[in-house]
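Trainee: I have just opened this one and would like a short tour. Where do we start?

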Amino acid sequence: MTLLTTVYAAIICTVLWYRNAPKSQMNIGILCWMYWGASLMWFIDALFEYIEIREAYFAPAPADMLNDFYLGLSVVALGLIIWLVILLIKDPKGIVKAALFKRNAG
């Protein structure tokens, strides 16, 4: 479930990035790289787990699937938080800078 969750997030981010590629003000490419990297990590993890337990890999317990899904959602949420921090630091539209100077001037 972690692999599926991060792959879906990576695909959605890639589509959003591709639609806005010429402008690219929101740095969605960074988010794509993080999600594709997480997907690759979970894929390698799945390969090694399959090598270890063989057929049992395809019949996980429901509790394990739920835990994996929560872990996948946590990875997606952490990626979004990192992306938001980077976005606020870079401030491509100057919104944070304008808000700070407006607050200091007024």
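**Helix packing, core and surface**

Mentor: Start with helix 2, whose buried residues pack against helix 1 and helix 3. Keep in mind that this is a predicted model.

Trainee: Which residues of helix 2 are buried?

Mentor: In helix 2 the buried ones are I28, G29, L31, C32, Y35, A38, S39, W42 and A46.

Trainee: How many residues does helix 2 have, and how far does it reach?

Mentor: Helix 2 has 26 residues and reaches 37 Å from first C-alpha to last, close to the 38 Å expected. Just after helix 2, R54 has a positive phi of about 50 degrees.

Trainee: What makes up the largest nonpolar core?

Mentor: Ten residues: A9, A10, C13, I28, L31, C32, Y35, V76, W83 and L87. Helix 1, helix 2 and helix 3 each give two or more residues to this core, and helix 2 gives the most, with four.

Trainee: What does A10 touch, leaving out residues up to four places away in sequence?

Mentor: A10 touches Y35, W36 and S39.

Trainee: Now the outside. Which residues form the nonpolar patch on the surface?

Mentor: The patch consists of M1, L4, Y8, I11, V15, W36, M65, L66, F69, Y70 and L73, with about 1000 Å² of accessible area together. Helix 3 gives the most to the patch, with five residues, and helix 1 supplies at least two.

Trainee: And where is M1 found?

Mentor: M1 is in the segment before helix 1.

Definitions and conventions. Residues numbered from 1 in each chain as written. Predicted model: local features only at pLDDT ≥ 70, side-chain atom pairs only at ≥ 80, totals over all residues. Heavy atoms only, no water. Core = buried A, V, L, I, M, F, W, Y, C linked by side-chain atoms within 4.5 Å. Buried < 20%, exposed > 50% of the residue type's maximum accessible area, 1.4 Å probe, protein only. Contact = heavy atoms within 4.5 Å. Expected span 1.5 Å × (residues − 1). Patch = residues over 30% accessible without salt bridge, like charges linked within 9 Å, V, L, I, M, F, W, Y side chains within 5 Å. Areas by Shrake-Rupley, 256 points an atom, 1.4 Å probe, with all protein chains shown as cover. Salt bridge = Lys/Arg side-chain N within 4 Å of Asp/Glu carboxyl O.
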